[in-house]
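Open the model in a viewer and keep the selection panel at hand.

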Amino acid sequence: MHRQSPILRWRKFPERYRLEGNRCNRCGIVYFPKKELCECSCKEFSSFQLSGKGKILTYTEIKSSPEEFSEMTPYCVGIIELAEGPKITGQITDATVDELKVGDDVEQVFRKFLAVGDSGVIHYGVKFKKIE
Amino acid sequence: MVKKLNIGIVGFGCYIPKFRIRTEDIAVANNQNVDLIKGALLINEKTVPNKDEDSISIAVEACKNALLRAKIASSRIKAIYMGSESHPYAVKASSAIVGEVLGVGNDFTAADVEFACKAGTAAIQMIAGQVEAEMIDYGLAIGSDTSQGAPGDALEYSAAAGGAAFIIGKNKVGKEESAANILYTLSRTTDTPDFWRRNNQQYPTHMGRFTGEEAYFKHIVSTSQAMLNETGLKIEDFDHVIFHQPNGKFPLKAAKVLGVTNEQLKYGIVVHDIGNTYSGSSLLGLVNVLENALPNQKILLTSYGSGSGSDCFVIETTNLITEKQKIGKNLLNYMQNKQYVNYNQYRQMVKMIH
């Protein structure tokens, strides 16, 4: 229930809606999610919107999901290496597990994550889709 | 006399889901005659939204394509109106969510629009008014739907998902950026009980044959005629004509009444392989026309929304149309990238979509 909180998600809209990370002003490393201390010890960052394009590093199929995602099952999740460097975990939509392979090019799409019951908030965010 | 406008379509884009279901698969599942259904509707297949798609996610993808073509920062958009009859929330603005996703910022006005299948063109008129009055520099109008049709009902063969988005700006001498100028718009509205959906009802109710002569044709034909009378233009002056397309047959019949040729309809009718995307229906036709038109061509667009009304537009492409056509994904890309689902998969996919 904690993770479904509309307020918790609201705080993360820039990340979840627009893949907004940050870039170190000294060494240029891009972080997603945002960091406050770079590995070069710098604390100065600029917000940076990632392109949403990347490659599948690995993936799997979820058949038995947390209850709130049960209507979406089966669905695929993967680790995506984004073009700018960060590796992130995300859902891969519009494809079955048989249609994916490591190294496939993907791009971000904006999709529904889950709806909390019949009266709760609907959560949206970035997922990934194979470029065809 | 209808006023000549000084505004244009700076960016345009569309989105339709990847999945399709063939008309014959729906007919077989409902024990209905395949040839009879296909002959009556002239729809080969329709789009099916994935379980995680709704009118907001569809709108966002269409808007991204429109922004690419507009070549402006999203923060310059100062109004967003989204037309749909499948807004995911009864109370919570889809247009505000779209603005957040696009990174428009907070200095913009927004509202959700509903007028059955013409909510998208109503949104264009609302933006057009603000831009023409120079209240805003740019506005975003959207028509997007995941349409509903009860199992076994005639609507089940046509109710599809898709959307289109248009960024509208003022025409300025020396700073031309419009792919097409919106020259005129006018509307006709009546109280006609042809189609409706009550609160908390999953599927709409319609009056069968009454949705034809007294509803669709009366409004499409009379509003188009009113535009011709007001502007002094003749139907043969238009290179492209687009009507609302609830099925494949209605726009062809309306075209015949108005003397529109098949050549004029070539790019404007997209329903045969997409279905009726309600608020996105005539606007997907407009996007397809804009993606294929030559410079300095005239377009007549007449939408129809049950309940009832029509919005009519006279649009003329500019020399910039060719350059904008090369940017982003177009409707043909989306139409070609498709995957068929069977009837059982289809029912599972649309079950959780409002």
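A salt bridge here is a side-chain nitrogen of Lys or Arg within 4 Å of a carboxyl oxygen of Asp or Glu. This is a predicted model, in which local features need pLDDT of at least 70, side-chain atom pairs count only at pLDDT 80 or more, and totals for chains, interfaces and linings use all residues. Residues are numbered from 1 along each chain as its sequence is written, chains are lettered from A in the order in which they are written, and side-chain values use heavy atoms, without hydrogens and water.

Select chain A and chain B together: six salt bridges cross their interface. Zoom to A:Arg111 and B:Glu53, one such pair, whose closest N and O atoms are 3.1 Å apart. On the side of chain A that touches chain B, the elements giving two or more residues are helix 2 (13-18), strand 7 (105-115) and strand 8 (122-130) of chain A. Colour strand 7 of chain A next; with six residues, this strand gives the most to that side. Helices (H or I, at least four residues) and strands (E, at least two) are DSSP runs, numbered from the N terminus.

Now select the open sheet of chain B, nine strands in the order 5-4-6-7-1-8-13-12-11 with mixed pairing; two strands pair if DSSP finds at least two bridges between them. Its edges are strand 5 (109-113) and strand 11 (240-243) of chain B, each pairing on one side only. Move to strand 12 (residues 298-302) and strand 13 (residues 309-317) of chain B, which run antiparallel and are joined by five bridges. There, B:Leu300 in chain B is opposite B:Val314 of strand 13.
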